[in-house]
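Hello,

Here is the structure I said I would pass on. My notes on it follow below.

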Amino acid sequence: MLLGEQEQFLSYNGEVLIFHLSKTKHVEGATADKTMNLCVRRMAFDRDTKLFVQKSSGVYSMLASHFKIEIICCSCTTDSRTGIILPCVLMKKKKRNNVVKYFVLLLHSSNQFEQSFHFKLDYELKEDIRLFTGPSVLWRHANKLFYISSATCTVLSAPVQLSSVVWTGEIKDEGTVVLGIRTACLPESEDEDEFSTSDRAIWGSEFFGYAIETQKMLTGTCFMPHAYSRVVSSVYVCKNEMLKKQLQISLVAVTHKNQLIWFQDGHPKGVCELPYEKPHSVETAVTSSNDLLFIVSFASGSICAVQRRDSLQVASNWQKVKSVLVDDFIGSGSEQLLLLFKDDSHTDVLSSFKITDLGAVNYASGINYKHDVPAAEGLQENGLLTVQALETRLQAGCTSVQELQQHLGLKKKVILESCRALIDLVEERTHILPTAKKEGLVSLWDDVENPPHSLSKETSLTSKVQEHFIEKLWQRVVGDSLVVGVKLTESFHLSLSDVSLSLVTDQDFPSISPIIECQNKIIKLNKAFSALSVSSCQIEPPSKKMKLDLHSKNDPKKEFPKRCARVQLDGAKTVIAVTSLSPLLAFHRVCCIVLLHAKKQKHWNDSLQESKKITVLCGKILLSLEDISSGKYSVKMLRDNSYCTGSIEDILAVLAVSVRFSFQIVSSDCTLTPVNSWLLGEMECTPFNECRDNIFCHKAGNAYGTIFNWTLKNPFEGVLTLFCRNLTVLFQCLHSLTRVLPPSCNVKLLRSGSGGVLTEQLALALEKEMLTSRNYFFSKEIKAENSVTWGNELGKKISDASVASLLDSEEGVQQFRKKLQNEREESMLSMNQTMNGALYQEIALKIAETQLNSDMIVWRLAS
């Protein structure tokens, strides 16, 4: 049976915790043992009913036959074992022999109480009792400071005398600090600040800070001047930080003079007169409008809120308040005030409350929110319509995603079928196309079988091309890259351009595309092996783009076909594809078909070109984990009599996965002989047996595998070309080179080749651009189109002899005037020549092509 109760209130994570003691008496049996229960109720605010509802509860039972049990205080403190903030309750058991036992309880989320520690005293705690991190308990008795924590479980005394404690909390780099007031202790030395000393002497008291963990005294003037020590009753530290090894503190204090004072770094910055007398505590709240409120509690049960904007001013006040709590009770992300009012007519204290942030949030008990505000129904209806609209948009979005997935799946099927058709074509197999209706598509071609002679014609062309141009197929593994090379015969360069390789998996993997993404490169070694060059896709200026393309009849990236064909007659050319190795090894064993793509071009009238795309089956390569592990396709670069014995394929594989950099080195004071010594000495390079101008680096570390080419134009100028894996290797090599070069050397990066070759190419390109413009604008087609108006009259100009004879008579003058007028009209007609649209489009494309070539060379020459 409930005999009596005592209540304490605490806010925790937006909930209100109500602690109360209930005393029950068991009448059954002979004994009359009494049990005291510490009960807790977790109350949460329901935004629908606008009332507090109980979420859960817990009970902690204690035998109290010979004890008087009380709740001293409660607070939220940090559990030092876990770092979690938990509700903490300080309880008291008083025996008849005046021995008082205190124990500290922690409340967990399961509503289970845990006794953290206990201690006994021969007096009761009455003054300045605080709970802080640990949990720990601090109090003042007989002008001395005592504290105990869960770590020590022993009552300790601070070596200070004090008259009051105004604040306890955490200070950065200092831990838990107690701010108190004591009788002034004037120093005997003269090193102290004069203002501080005179201040303490006048007022007879001073502020001091004491760090609990370090047992260190802090200067009180960094909080407030000592002159306020006689009037301050409570302090709240809003902000503290260490700046340039000096403590910076912002705080507010309430005084016995009914004032609220704002202090910044020990100096008063603002003051506000309070509406009631005897303020005893102050705390802060940050509202939804980002306003900082100071909540001041008074001994009479009144509360006031002070805003700090331009100045401190009282924003609102309330009377007959039993308790005030600060937390996010409505779940808005900001703090509100919960005012619990004294009401004798209700047994439940939460039946009379007010939640406010002095702004948009304002809930109070006793108001029917369902009917008193008609606009609420409209808001609810608008909210329902908004939700319905969002649901419709969500459904439409899901439908769009499904349609997109179906489209992508269909697109994947088309690509896979195209790959199968390509493979069947190059392997001379008949491929049967699926019907469009089966796939849900609209046919873009007639659903009839292709004539058998067309396939045989293509395959015969493919076989002929393959036998004529493909010389060798090889593969290598360099790091995490697979290098596939196709060596082409010399005659290949006479008729083909735009060469590339494709790798297509022979197996049908449903989860991946059969086409393997790879990077193409073309590497040429001449027969004398005196030069080595690597080229990939044609470099273009960033702002240059080709806008016209008539049925792919012209190739804007093709550069001087006749000249290139003549230069490359004496060399072997290899087309290389580089791809990532690890995705292929995921299938353990992969067979890839190697296809070569090119354009076969025909010349018409020495200017117009017709190109035809062809595909050549080069062969198949087999890749397996066993071969990779055994090093079957690894690059082998060994030393033999001061030479590197790597094969041509090994050299090409290393070049394909490397990045090329060329540097022009010029020395004005001395020769460049240290470069050759650096290559053969420090870098441990050896020349290739097949091409001795290029040397391979055998130095251990990142530089291993780098290929160098050092060419001297004269003893004072040379070009160093590096083929390295990445920029890190390049920087390491350059750093090592700069240590052996003379200080006066100038090293310049050559981005696109030597200047002499580019200058010659630019001259040829400009000549070709000029000839193209002249040939087209004075072509036979234009003349024939305008021959009706002026072409047949060019030979009928008036000669000097006829002019003299005509001017002798009046009739002759009239005849001369008529002929002169006719000639003038013919001249005007000759300036307004016309042509048809197709011819103009062809001319514009060809001129743009030649201009693009010359612009690219100018950009490369300037870079």
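**Gln664 and strand 40**

Leaving aside its neighbours within four places in sequence, Gln664 is in contact with Glu717, Gly718, Asn746, Val747, Lys748 and Leu750. One of these partners, Glu717, also makes a polar contact with Gln664, side chain to side chain, at 2.7 Å. Gln664 itself is found in strand 40, which covers residues 659-666. Is Gln664 buried or exposed? Its relative accessible area is 19%, and the cut-off for buried is under 20%, so Gln664 counts as buried.

Before going further, please keep in mind that this is a predicted model.

**The chain as a whole**

The chain has 863 residues, of which 41% count as buried. Its secondary structure consists of 14 helices and 45 strands. Among contacts in the chain with a separation of 6 or more, 54% are between residues 24 or more positions apart.

The mean pLDDT of the chain is 77, and 74% of the residues reach 70 or more. Over residues 1-5 the pLDDT is below 50, and this stretch has eleven contacts in the model beyond near neighbours in sequence. The pLDDT is also below 50 over residues 527-571, a stretch with 98 contacts beyond near neighbours in sequence.

**The second largest pocket**

How much space lies in the second largest pocket? The volume is about 1,900 Å³. Its lining is made up of 46 residues, and those nearest the centre are Cys74, Ser75, Cys76, Tyr236 and Glu283. By class, the lining has 23 nonpolar, 17 polar and six charged residues. Several strands each supply at least two residues of this lining, among them strand 1, strand 5 (68-78), strand 17 (232-243) and strand 25 (321-327).

Cys74, one of the residues nearest the pocket's centre, lies in strand 5. With a relative accessible area of 15%, Cys74 is buried. Not counting residues up to four places away in sequence, Cys74 touches Gln8, Phe9, Leu10, Phe19, Cys88, Val89 and Leu131. Cys74 and Leu90 are 16 residues apart in sequence, and their C-alpha atoms are 6.2 Å apart in space.

Ser11 belongs to strand 1 (residues 7-12), one of the strands that supply the pocket lining. Ser11 is buried, at 14% relative accessible area. A polar atom of the Ser11 side chain lies 3.4 Å from the backbone oxygen of Val326. Val326 is also on the list of residues that Ser11 touches, together with Cys76, Leu325, Asp327 and Phe329, when residues up to four places away in sequence are not counted.

**Val486 and strand 30**

Val486 lies in strand 30 (residues 481-488). Its relative accessibility is 0%, so Val486 counts as buried. Which residues does Val486 touch, not counting those up to four places away in sequence? They are Ile470, Lys472, Leu473, Trp474, Leu501, Lys573, Thr574, Val575, Val594, Leu596 and Cys618. Thr574 is 88 residues from Val486 in sequence, but the two are 5.5 Å apart in space, C-alpha to C-alpha.

**Helix 7**

Helix 7 covers residues 648-656, and eight of its nine residues are buried, so the helix is largely enclosed by the rest of the structure. The buried ones are Glu649, Asp650, Ile651, Leu652, Ala653, Val654, Leu655 and Ala656. An α-helix has 3.6 residues a turn, so residues three or four places apart point the same way.

**Asn726, in a loop**

Where is Asn726? It lies in the loop between strand 44 (717-724) and helix 9 (727-738). Asn726 has a relative accessibility of 33% and therefore counts as partly exposed. Its side chain reaches the backbone nitrogen of Thr728 at 3.2 Å. Asn726 and Ala703 are 23 residues apart in sequence and, from C-alpha to C-alpha, 9.9 Å apart in space.

Regards

Notes. Residues are numbered from 1 along each chain as its sequence is written. This is a predicted model: local features need pLDDT of at least 70, side-chain atom pairs count only at pLDDT 80 or more; totals for chains, interfaces and linings use all residues. Side-chain values use heavy atoms; hydrogens and water are left out. Helices (H or I, at least four residues) and strands (E, at least two) are DSSP runs, numbered from the N terminus. Buried means under 20% relative accessible area, exposed over 50%, partly exposed in between (1.4 Å probe, protein chains only). A polar contact is a pair of N or O atoms within 3.5 Å; within protein, one must be able to donate a hydrogen and the other to accept it, and residues adjacent in sequence count only if both atoms are side-chain atoms. Contact means heavy atoms within 4.5 Å. On a 1 Å grid over the protein atoms alone, a cavity is a set of points where a 1.4 Å probe fits but cannot get out, and a pocket is an open set with protein on both sides within 12 Å along at least five of seven lines; lining residues have an atom within 4 Å of a point. Grid points are joined across faces, edges and corners, and a volume is the space filled by probe spheres set on the points. Ala, Val, Leu, Ile, Met, Phe, Trp, Tyr, Cys and Pro count as nonpolar, Asp, Glu, Lys and Arg as charged, and the others, Gly among them, as polar. pLDDT is the predictor's confidence in each residue, from 0 to 100.
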